Amino acid sequence: EFQSSVDRTNTKSKLECLFKNVEYYKYSLEHSQMICETFKKFAFTDVLFNQYLFYKDLALLISIAINFLIISSYYRISRDTEDYDYGFLYKESNKDATKKALKILSLLQLLFSILIFVNYMVKNLPKYTFKKSDSRPNKCKRVALFFLRMFMDYYFIYHIIYLVFTFLGFISKNYLYFSFLLVEIVPRSQTLMYIIKSFWIPKNQLIVTLFLFYLFEYYFVIFVYLWIPDQLQTKDCFRFDDCLFTIFDQTFKNSNGIINFLSEDNLLGGDLLLVNVRFWIDNLFAIIEIILILQMVAGIIIDSFSALRQGQGEVDEDRYNVCLICGLHRTELNKLHGNEEGYNEHIKMDHYFWNYMFLVFNLLMKNPKELMGIDQLIFKMYKENQSTGWIPFKTCRKKLELEERNGGEDKEKE
């Protein structure tokens, strides 16, 4: 959670983000510890409430199986009725077996969906119940804050919708509700998530650009309706509003927009003025609307997708090649250690960031009056302005040892 949300502008910003949320991480770890102790006391709780990813994998496989059965079994009883039935490979003889299979699978899907939701709530409860040590909200405010945090959590909303569609599919005859559950494939694929975000992140730009598209089309419709109405082929153009909305509706259904509604009659050997007007109308619409503005929409989406890919590459570079504590790069640390595993040794032994977190946790649990020396200094710096001045920056034990060794050699030479 921290690695995906931290501000990676520089080493200081990462450390400030880390220690800014230290109370929340402490609260989350205490919650996790309590859950683990409960699991140790009751063996069955570990199976029920500590298998979130396993249940999600099983639920996805079951939803795929249900949708496969729907695709290969769903058929209307007759062309004259809306009633439908299920029979594997559309055979009457398979109808009973197919319905039983769908019922069993839908029951399993509902069971696993409930377990997924409960597991998610157990795991993420600290996000909704956490309160800072210096805040004293009353009971009503705590309850309101709890529900506000829940409904601002996109994944909570997603799990609720997932559970609702599963329940609807189970209680109704229409198993097509289970088709929604295939959405679970999207967050599992980073590329699919980039595609969704490439539409969502530049949404304001896309809305403004599409508004510009329809604005220009509105002007074209006005011109055609007022000046060359005899060229309109559609019967829906007696009233201007009908004409406008018909052309708007058909714009993306017909690749040439308004041009498809203009007649080609009387152009060959006809009025020269009409020929010139149609020449400019047809070409200006094609250039402005179809070529320029629609290509702008595509360009915005493509640029957004490229920026997301590039941004993720920078995040991965920082996450896997730069020490979170001191900010030294993998190349430099490998060189200091004299082997290719120097970076991994460094982040596990010298600058394992959880050790720094546990140090602050430990100080927060002690009586401030009992703290002395370096502990008192660190506690004071953290409490006053969450300063990270006590964290080693651009240095480490190996680097200090090397500098000390080089300094000693220089003195011997002198």
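Here are questions and answers on a predicted model of one protein chain.

Residues are numbered from 1 along each chain as its sequence is written. In this predicted model, local features need pLDDT of at least 70, side-chain atom pairs count only at pLDDT 80 or more, totals for chains, interfaces and linings use all residues, and side-chain values use heavy atoms, with hydrogens and water left out.

Me: What is the mean pLDDT of the chain?
Reply: pLDDT is the predictor's confidence in each residue, from 0 to 100. In this chain, 85% of the residues reach 70 or more. The mean is 81.

Me: Which helix has the highest confidence, and which the lowest?
Reply: Helices (H or I, at least four residues) and strands (E, at least two) are DSSP runs, numbered from the N terminus. The chain has 18 helices and 2 strands. Confidence is highest in helix H8 (residues 154-171), at a mean of 91. It is lowest, at 66, in helix H4 (residues 43-49).

Me: How much of the chain do buried residues make up?
Reply: Buried means under 20% relative accessible area, exposed over 50%, and partly exposed in between (1.4 Å probe, protein chains only). The chain has 414 residues. The buried part is 35%.

Me: What share of the contacts in the chain with a separation of 6 or more comes from residues 24 or more positions apart?
Reply: A contact means heavy atoms within 4.5 Å. Pairs with a separation of 6 or more are counted here. Residues 24 or more positions apart account for 61%.

Me: Why is H2 largely enclosed by the rest of the structure?
Reply: Helix H2 covers residues 11-20. Its buried residues are Thr11, Ser13, Lys14, Leu15, Cys17, Leu18 and Phe19. H2 is largely enclosed because the buried residues number 7 of the 10.

Me: Which residue has a side chain joined to that of Lys14 by a polar contact?
Reply: Lys14 is found in helix H2 and is buried, with a relative accessible area of 2%. A polar contact is a pair of N or O atoms within 3.5 Å; within protein, one must be able to donate a hydrogen and the other to accept it, and residues adjacent in sequence count only if both atoms are side-chain atoms. At 3.0 Å, the partner of the Lys14 side chain is Asp318.

Me: Which backbone nitrogens does the side chain of Asn334 reach?
Reply: Asn334 sits in helix H14 (residues 330-337) and is buried, with a relative accessible area of 11%. Leaving aside neighbours within four places in sequence, Asn334 is in contact with Asn339, Glu340, Glu341, Gly342 and Tyr343. A polar atom of its side chain lies 3.2 Å from the backbone nitrogen of Gly342. At 2.8 Å, the side chain reaches the backbone nitrogen of Tyr343.

Me: Is Lys394 buried, exposed or partly exposed?
Reply: Lys394 lies in the loop between helix H17 (373-385) and helix H18 (397-413). Its phi is positive, about 55°, although it is not a glycine. Most residues other than glycine have a negative phi. With a relative accessible area of 38%, Lys394 is partly exposed.

Me: Which helix is included in what covers the buried residues of H12?
Reply: Helix H12 spans residues 240-250. Its buried residues are Cys243, Leu244, Thr246, Ile247 and Phe248. What covers them includes helix H11 (203-227).
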